[in-house]
Amino acid sequence: MKNRYIKIFCVAIVSALTLASCDKGFEEMNKNPNALTDPAVKSMFTLAEIYVDGQDFSNTRGNNLYAAQIVQQFSSLGGPGSKYTYSSEYSAALFGETYGKGLNQIFQLLSVIDNTPENSNMIQACRIMKVFLFQKLTDTYGEVPYFDAGKGYNGNVFSPKYDTQEAIYNDLLKELDEAGTALDAGKPFVGNADLYYQSDVARWKKLANSLMLRVAMRLSKVNPAKAKEYVEKAYSKGVFTSNDDSLVLKHDAGPAGVKTNPITSSWVRNDLNGGESNIKFSKTFIDLLKNTNDPRLRIYAKLEATGNNNPASQQGLANDAKEFPGGDKKLFSDPNTSTVLRLDAPTLIMSYAEVQFILAEASVKGWNVGGSAQTYYENGVKAAMNILTIFGDKVPAVTTAEYNTYITTYPYKTAGTDAQKIEQIITQKWIVLLFNGFEAFSEYRRTGYPVLVPVNDPTGDTQGTIPRRLIYDQSELVTNAANYREAIQRQGLDLMTTRIWWDK
């Protein structure tokens, strides 16, 4: 374990030498790869894996302050996500960081390794990681530069054109299908430089297919035939089968910005402040778990000032709140610093529970995924409770008896309508997607669940309409103006209320 974290620290040094500054977007993709001599490709691969999870910048601004507040997992008095206000820096954070760091790292790595059998597994893994990054980008903004992205390395394309979301999604599915098939346990990989699965090719294949499920289901309304085709294909190829397959990225408690969890580190260092944080759990989230006696609540939340994680004491902040009722921030629930908000808390990038919920929805739709919606739903709820053991033993884990009580008290709605069943499934997915606000935001827009009460605050920019996307990085108006304008002519005005292609 110690050696693995030393490796991460070394990666940071490699990054500093090879990437210099990565915060500025496309221009950082256009550095001459010939400037790299004898690149440490395994370390570059490790850093790419870390960047898939995002860094403090995008997670604090785009995730915690926008996406997770829009879907009412969290709330804050002046948060742009809670009140639907536009902040150029926060809205652009994911765009700039993803192109400037995550995709930059992957394209740079691909530019310095030969397409040989020895490098094949590394190449396929990079294709899968690109899908993670591009799907998050296109789901957040709509049309984005895709096919031209990275061509500064070998094509001298410094103003990449934006591509339609339909074209992007078609290629994401193709990439996952091809990369998952091409992964080969008989070929070399990167050993322990792979922080995800330690070069276990079988688990990487499951990851590719599970991500294909997520990508395909996003098309369920705009192109249900294609969604069905690829959901069934992913299932037949083999997806996650237990919590052991879940994609979990481990972290360490320091140094800050190198090994720490990118979601929790800035929160703990800058914002939490002994319970004085302005960002709290949303009343929507706390009330749902509290009113259903959900045993996960003691693991997720506590009152930081007193350390009280008793579910009965938890209180969420309404997203339309203009002040803290009673005037005391310390009476409102914070993420639990003994578990999910530890500096070294692992990141749950994609879970077996999420896969089970996707299969449950597919089964409701009558697609061929081998099992009943009820079984997949119950498996998903149980897995979502059990996976919380990754956050340590400072708080008692959910017991089998607690799960049985919960699932008996709130059973799957076998006699309900399809809409009621899907609402139940997506609401459980919303819970397990805590800290993955971008994905929760996408699922809310696709399904309309969980049902949220919009906030109509006078400071907002949407007249009380829940946002449908974030606004592009406005530096594009300077550095890539023609392509930016072409994109918004196709897609619609660059506003938070403009619906993207699959959002029907």
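Entry 1: I started with Glu276 and Lys330, whose side chains form a salt bridge at 3.8 Å, N to O. I use "salt bridge" for a side-chain nitrogen of Lys or Arg within 4 Å of a carboxyl oxygen of Asp or Glu. Glu276 sits in the loop between helix 10 (264–272) and strand 5 (279–281), and Lys330 in the loop between strand 6 (301–302) and strand 7 (334–335), so this pair ties together parts 54 residues apart in sequence. My helices (H or I, at least four residues) and strands (E, at least two) are DSSP runs, numbered from the N terminus. Glu276 is partly exposed at 34% relative accessible area, and Lys330 is partly exposed at 33%. For the record, buried means under 20% relative accessible area, exposed over 50%, and partly exposed in between (1.4 Å probe, protein chains only).

**Entry 2: a note on the model.** I am working with a predicted model, where local features need pLDDT of at least 70 and side-chain atom pairs count only at pLDDT 80 or more, while totals for chains, interfaces and linings use all residues. Residues are numbered from 1 along each chain as its sequence is written, and side-chain values use heavy atoms, with hydrogens and water left out.

Entry 3: I found 34 salt bridges listed for the structure. One of them joins the side chains of Arg61 and Glu89 at 3.3 Å, N to O. Arg61 is in helix 3 (residues 56–70) and Glu89 in helix 5 (residues 88–112), so the pair links parts 28 residues apart in sequence. Glu89 is partly exposed, at 41% relative accessibility.

Next I looked up Glu143 and Arg490, which meet in a salt bridge at 2.6 Å, N to O. Glu143 lies in the loop between helix 6 (120–141) and strand 2 (144–145), and Arg490 in helix 19 (residues 481–491), so parts 347 residues apart in sequence are tied together. Glu143 is buried at 6% relative accessible area, whereas Arg490 is partly exposed at 38%.

I also noted a network of salt bridges whose members include Asp139, Arg214, Glu361 and Arg446.

**Entry 4: Asp177.** I located Asp177 in helix 7 (residues 165–182). Asp177 is buried, with a relative accessible area of 16%. Leaving aside residues up to four places away in sequence, Asp177 touches Met212, Tyr230, Lys233 and Lys237; contact here means heavy atoms within 4.5 Å.

**Entry 5: helix 15.** I finished on helix 15 (residues 400–409), where Tyr403, Tyr406 and Ile407 are buried. They cover an arc of only 90 degrees around the axis, which puts them on the same side of helix 15. That arc is taken from the directions from the helix axis to the C-beta atoms. Helix 14 (373–386) and helix 16 (418–432) are among what covers these buried residues.
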